[in-house]
Amino acid sequence: MKPAFLLLLFYSCTASYLSAQKPEITLQTYKMWSKVGRYEISSKGDYIAFMTENEPTTNKTLTIKPTDNSWEKKYVGAIFSGFTNQDRSALITKSDGQTIELDLKTQSELGLVSRIPQHQPLKNINVQKSRINNKRIIIQSIFNKNLDSIENVINFTLSATGNALILNIEATHNQPVLYWYDLKTSTRKKIWEGLKDQQIEFVPPMENCNHNLFKKLEPAPAINQTLAEVDVWSYKDANYPNPYLSKNRINESLFSISTTGEHVITNLTEKSERLVSAEGDFALIEYRAGQFLWEATWNKNARATLYCISMKTGEKKLVDKQIGGKSLEAKMSPDGRYIIIADNNINCYKSYNTNNGETKIISKNGQITFTTLDEGIEILPFDIFWLEGNSFIIRDDYDLWELDASGKAPAVNLTKGFGRENKLVYNIIPVKYKEGHLLLNTFNEKNKEWGFYSLDLSKNEVPSKLNMGRYYYGGDHPIITKATNSNTYILTRETNNESPNLFATNDFKTFTKLSNAHPENNYNWMTAELITWEGPDRRSCSGILYKPEDFDPNKQYPLMVNVYNSCSDQINSFMEPAESSVKNGFFNWLPAAWLVSNRYLVFVPDVNYRKPHSNLQSSLQIVVSGIKKLLETCKYINGDKIGVQGSSWGGEQVNYIVTHTNIFAAAFTGSGFSDQISRAGFSDRISDNYNLPSVESQEGGLLTEVPERYINESPLFAANNITAPLLIKHNLDDGAVPFYQGLQFFRLLRRLNKRVWLLQYDGGGHGINPGKNLDDFNLRLAQFFDYYLRNSLPPKWMTVGIPPEMKQMNTGLELDSSNSRP
């Protein structure tokens, strides 16, 4: 691989101008890109410590400074161990392994620290395993100073009350036995005994749950080898037939342990049941025989039933049943008093009182809805923010609604429709703010600005603007940290031409910059421009056009079109030249930062309108109409050098687009569907997703009802129309889109003598693993597009090919100067 790596570096660097301009970003730049990482703020908000990655390259730098920027200290390769001494000093472990204490007032180092205070994983107790016998534990409680030693302990957990341990002790006949160990009296009491070969796993403590939970695991019953090896499936089954389902599953049940009285053990779940949540003294359980939610749209046997179980008494009560094919969701209040139900079958919210078993409808039919992008249908939103008492808040497409779980007060639009009227999308930031106020993260759909509003819950008024601008704070749910004992907040802010950096604020009106990572200043970076045009059905469409910072309108540029979903809400976000993909594969394409820096223009249209039952046709119309708008108004775009790339859902769109237009000179598709018919009914051992219901929804009916739609929305059936050279990436172990979807498309295009190549990366799943495989992919994709859009020499893997037996021996990455054409 060494020659390939050297070629990668050579190829990435040769495009740079020899003049005194900034260098282009290479395909290796992301490996040395500096950026701000983990940070910690002192309890009073006076100081901050943060790490900067790749400063210097391949290392990290720790910065400690006051939030007023009056001074700063930097330590290369150091580790921050915390603020201490009531925020008067900080502990730092230097690169040589020595730990020093930094006086934050004088900025002087006080000397070496012999031992960093360790955080005890269990409060009120010190538990250690014996070095001689790993099944022996030694216990010392703060309630008494005596040491206690217990043998045969498999695992243990601290009780929810904090005054006892729950011990899983292996008994004589290899069965688990649970004991309640009182930390005050150092006595233990048996509370439950299992059977031979069963295993116990303790569930991590839940924040608002008054009880402990554990799983009981046991092998499935042994099969009878004398009986026939046959699978029997029925049309009445709650699950679709899956021949690849493992037969050696472990049976799992969930139990709760009461922390008071006799420590009642309650069986919470059995087969086909799952824990939704456990709050206070109650557990919300869902029974669903079917494994897939979509199955319930037509199969009554796959629909859900909700139960409430008292973990104090073990009493189990019916809460609700899914009466139709639309979804039924439920969540429990933090105190366990109420279960809130979003019933899309009646288009209303309901509330169940766990104490008296009463159910009330707490909203009007269709009063609060959220529009989905995939199907463009209205559903009940279900992101809940609880207020004190019985009230909670839910957001529709724009505004915030307050609902009363007790059912005594009607639902109220807290933001008075101001969001919908002004196209402002509000999201509550779950951080402590002014008393009686909510801090709202806000997005303006008109001008794409992000910022903050404040909502005074005591007044009948619309939200007040704090700050809005051409910034990006992380999307709908930015990470904001508040100092424990002051109103100092730390957040990350970025723009499309400024890297993310840390800022401090006390009022969300003014911000103080704390970090200064700007690697983009060293490269030919980019600008972002909002493009609008009239699309299909005379709808207003929008997208982003990225240009290099040294853009010259008198030159001609090739254009790359990135296809996926809506993205103009991120026009102010910073497009870091990071690895283009990990295992997810949704953005398996050349990064915009690399493309623009290397003199491409990049167009990213919003594919956010989907005509019912014509999703892919809608995408085609949006993309092509957007390109035509650019060609009419941007004379610097070379209309003969337009490429398109997309992965996953974007790859499916590319497959359709390039078989229905000849506007492109080259195209890349990664891990996308090519055939809706086989998608609806076929899966394989790796990708066993159940796609029939989603395809049925997308096409507006079954294959037998609307066969022409399945054919029209399948790129495979229009493969003969393709004119653009196509590079396909699809992996054998793709768990989201079966490999055959890419393979059959490639085989047909190859049979039609179309210019097509297929890349398959071992172990890449739906994406590509970082490292040598990702480096290889980026280089091949860059070579492919550079040949067709920038008239570069083609690589030999495109002109000559690589025989299968030469895999990992001959890369074919060398450029072919023999005048051969792919």
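Visitor: Let's start at a cysteine: is Cys 567 buried or exposed?
Guide: Happy to start there, and do keep in mind that this is a predicted model. The relative accessibility of Cys 567 is 14%. Residues under 20% are classed as buried, so Cys 567 counts as buried.

Visitor: Which cysteine has the sulfur closest to that of Cys 567, and how far away is it?
Guide: A disulfide here needs two cysteine sulfur atoms within 2.5 Å. The closest cysteine sulfur belongs to Cys 541, and that is too far for a bond. The separation from the sulfur of Cys 567 is 12 Å.

Visitor: How many disulfides does the structure hold?
Guide: A disulfide is a covalent bond joining the sulfur atoms of two cysteines. For Cys 567, the closest cysteine sulfur is too far away for a bond. Across the structure, the number of disulfides is 0.

Visitor: And Cys 348, is that one buried or exposed?
Guide: The cut-off for buried is under 20% relative accessible area. Cys 348 has 7% relative accessibility, so this cysteine counts as buried.

Visitor: What share of the residues in the protein chain is buried?
Guide: Let's step back to the whole chain. It has 822 residues, and its accessible surface comes to about 39,200 Å², with 49% of that belonging to carbon and sulfur atoms. The buried share of the residues is 51%.

Visitor: What is the radius of gyration of the protein chain?
Guide: The chain contains 11 helices and 49 strands. For 822 residues the globule rule gives 28 Å, and the model comes close to that, so the chain is as compact as a globular protein of that length. Its C-alpha atoms fill a box of roughly 85 × 80 × 65 Å along the principal axes. The radius of gyration itself is 30 Å.

Visitor: How far apart are the mean positions of the positive and negative charges?
Guide: The protein chain carries 88 positive and 89 negative charges.

Visitor: Where does Ser 34 lie, and which residues is it in contact with?
Guide: Ser 34 sits in the loop that links helix H1 (2-13) to strand S1 (35-41). With a relative accessible area of 13%, Ser 34 is buried. Neighbours within four places in sequence aside, its contacts are Glu 53, Asn 54 and Pro 519.

Visitor: Is Gly 261 buried or exposed?
Guide: Gly 261 is also a loop residue, placed between strand S18 (250-257) and strand S19 (265-269). Its C-alpha atom is 9.3 Å from that of Lys 312, which is 51 residues away along the chain. The relative accessible area of Gly 261 is 60%. The cut-off for exposed is over 50%, so Gly 261 is exposed.

Visitor: Which residues is Asp 550 in contact with?
Guide: Asp 550 belongs to the loop between strand S43 (540-548) and strand S44 (557-562). At 29% relative accessibility, this residue counts as partly exposed. Its neighbours within four places in sequence aside, Asp 550 is in contact with Gln 21, Asn 524, Tyr 557 and Arg 599.

Visitor: One more: which residues is Leu 110 in contact with?
Guide: Leu 110 is part of strand S8 (residues 109-112). Its C-alpha atom is 9.2 Å from that of Ser 89, a residue 21 positions away in sequence. Once neighbours within four places in sequence are left aside, the contacts of Leu 110 are Glu 101 and Asp 103.

Key
Residues numbered from 1 in each chain as written. Predicted model: local features only at pLDDT ≥ 70, side-chain atom pairs only at ≥ 80, totals over all residues. Heavy atoms only, no water. Helix = DSSP H or I, 4+ residues; strand = E, 2+ residues; numbered from the N terminus. Rg over C-alpha atoms; globule rule 2.2 N^0.38 Å. Buried < 20%, exposed > 50% of the residue type's maximum accessible area, 1.4 Å probe, protein only. Areas by Shrake-Rupley, 256 points an atom, 1.4 Å probe, with all protein chains shown as cover. Lys, Arg positive; Asp, Glu negative; His and termini not counted. Charge placed at Lys NZ, Arg CZ, Asp CG, Glu CD. Contact = heavy atoms within 4.5 Å.
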